[in-house]
Amino acid sequence: MTSPHHSSRSFLNLTPLAAGAALLALVLSGCGPDQPAQAAAPAAAGGPPVTAALVLERPVNETQEFSGRLEAVERVDIRARASGFITAVHFEPGSLVKKGDVLFTIDARPFQAEANRAEASAVSARAKADLARLELTRAERLLADKAIAQREVDEKGASLKELDANVRAAQAQLEAARLNLAYTRVTSPIAGRVSKAEITTGNLVDGSAILTSVVSNKDIYASFDGDEETYLRVARVAQKGAPVVVKIGLANEEGFPHQGKLQFVDNRLDAATGSVRMRASFANSDNTLVPGLFARVQLSGDPAAKKTATMIADRAIGTDQNRKFVFVVKADNTAEYRPVTLGPMVDGLRVVRDGVKPGEKIVVNGLQRVRPGAPITAQLVPMQDDVKVAPAADVKVAAKATNNKE
């Protein structure tokens, strides 16, 4: 039997590598089958806190959304109809003008002189015609007394007709001269908002120069391109005689606060793009709608074609590459990954074509803390806080349905 002292001396005589191996063997020999390794700490009860809501079901009239641009109902490029030097500009850039307001004044002195000359010519022509008329009357009396020949009467009658024609020609020249004189006052042909002056005082202008432009501001158009399905639906509604309601929202506005009516649909579908040009008109009493602005356009559906739809809030929807999904809270308080097919927005909620059912509970806030199959602690909240159609009643009905299923 080997003595302990001999074992100690043998261990000390081992190489460093062999000594390490022997030490590891001694440690492992101390862990017998009746001494299990210490278990990991148990997972925390529950899961990350999130808020959840019940999927709603409502009768909706589905809408479609497009991108469009605002256009003026009327737009006029102001040009000079009389050539001359601009002597005055009578407006502030960007101001509102009325129909007939004077915008520019062109030097009127040459046109005034021409009008005076034409007026004198017209007076002279009338005087000659009046004299010829008197002579014709006198000749007719002499002819009755057989004091002159018929030929003289005929000559005086022809002379009178020629002088009457000269009077009409002189009067036309006078009217043209007065019209040119009026053109020296450049006025706005429509009411609206004027642009800046493209040509200022002291410049020589003619009919080819654009002085400024005016756009109407009382009403405005929103033009957009609809698809083939939209065109067919609009045609169906129009056949029933019902107005097609169109709403728009600007870049800094929530929703679609401006309501108008579909005013124009083009007479053909563009085969290259599969779209058709449409235009809606809107009242612009507060002048907030300006031509050229981008607008989000919402086209309403057929009022008589309402149907029940499954609806959720957009904040409950996650994006996984090109796929949309939600997390459904199961009965055991775990999260289930559920792909969904989405429809349009209606009254602040998103229509869901497929993926969830009314009454199911889905996560609406805290998606980043949820993992598929992991436990969560969900607090129930309304799907839409500012909903107008009795949200509490909807939640109670959906909750009752959920409880019955569970």
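Predicted model: local features only at pLDDT ≥ 70, side-chain atom pairs only at ≥ 80, totals over all residues.

Reader: How many bridges join β4 and β11, and in which sense do they pair?

Author: β4 and strand β11, residues 210-215, are paired over five bridges, in the antiparallel sense.

Reader: And what is the order of the strands in that open sheet?

Author: The order is β4-β11-β9-β6, four strands with antiparallel pairing. At the edges are β4 (75-79) and β6 (96-97), each of which pairs on one side only.

Reader: Now the rings. How is a pair of aromatic rings described?

Author: By two values: the distance of the centres and the angle of the planes. In this model the count comes to five aromatic pairs. One of them is Phe-325 with Phe-327, an edge-to-face pair with 5.3 Å centre to centre and 75° between the planes. Both Phe-325 and Phe-327 are buried.

Reader: What kind of pair do Phe-325 and Tyr-337 form?

Author: That pair is stacked, at 4.8 Å centre to centre and with 25° between the planes. The pair links distant parts of the chain: Phe-325 belongs to strand β19 (residues 323-329) and Tyr-337 to strand β20 (residues 335-339), 12 residues apart. Phe-325, Phe-327 and Tyr-337 together make one aromatic cluster.

Reader: Which charged residues lie over the face of a ring?

Author: Arg-279 lies over the face of Tyr-221, 3.9 Å from the ring centre. Arg-296 lies over the face of Phe-256, at 5.1 Å from the ring centre.

Reader: Let us turn to the cores. What do nonpolar side chains tend to do in soluble globular proteins?

Author: They tend to be buried together. Here the largest nonpolar core has 21 residues, and those touching the most other members are Met-311, Ile-312, Val-326, Val-356, Ile-362 and Met-383. Two or more residues of this core come from each of β2 (56-60), β17 (307-312), β19, β22 (349-354) and β23 (361-365). Apart from this core lies another, of 20 residues, among them Phe-224, Val-244, Val-246 and Val-276.

Reader: What is Met-383 in contact with, leaving aside its neighbours within four places in sequence?

Author: Its contacts include Leu-54, Leu-56, Ile-312, Leu-349, Ile-362 and Val-364.

Reader: Is His-258 buried or exposed?

Author: His-258 is buried, because its relative accessible area is 15%. His-258 lies in strand β14, residues 258-265. Beyond neighbours within four places in sequence, its contacts include Val-246, Ile-248, Phe-282 and Leu-289.

Reader: Last one: where does the pLDDT stay under 50?

Author: It stays under 50 over residues 1-45, where the model has five contacts beyond four places in sequence. The pLDDT is also below 50 over residues 386-406, a stretch with 17 contacts beyond near neighbours in sequence. For the protein, the average pLDDT is 83, and 82% of the residues score at least 70.

Notes:
Residues numbered from 1 in each chain as written. Heavy atoms only, no water. Buried < 20%, exposed > 50% of the residue type's maximum accessible area, 1.4 Å probe, protein only. Contact = heavy atoms within 4.5 Å. Phe/Tyr/Trp six-rings, centres within 6.5 Å; stacked < 30°, edge-to-face > 60°. Lys NZ or Arg CZ within 6 Å of the ring centre and 35° of its normal. Core = buried A, V, L, I, M, F, W, Y, C linked by side-chain atoms within 4.5 Å. Pairing = 2+ DSSP bridges. pLDDT = per-residue confidence, 0-100.
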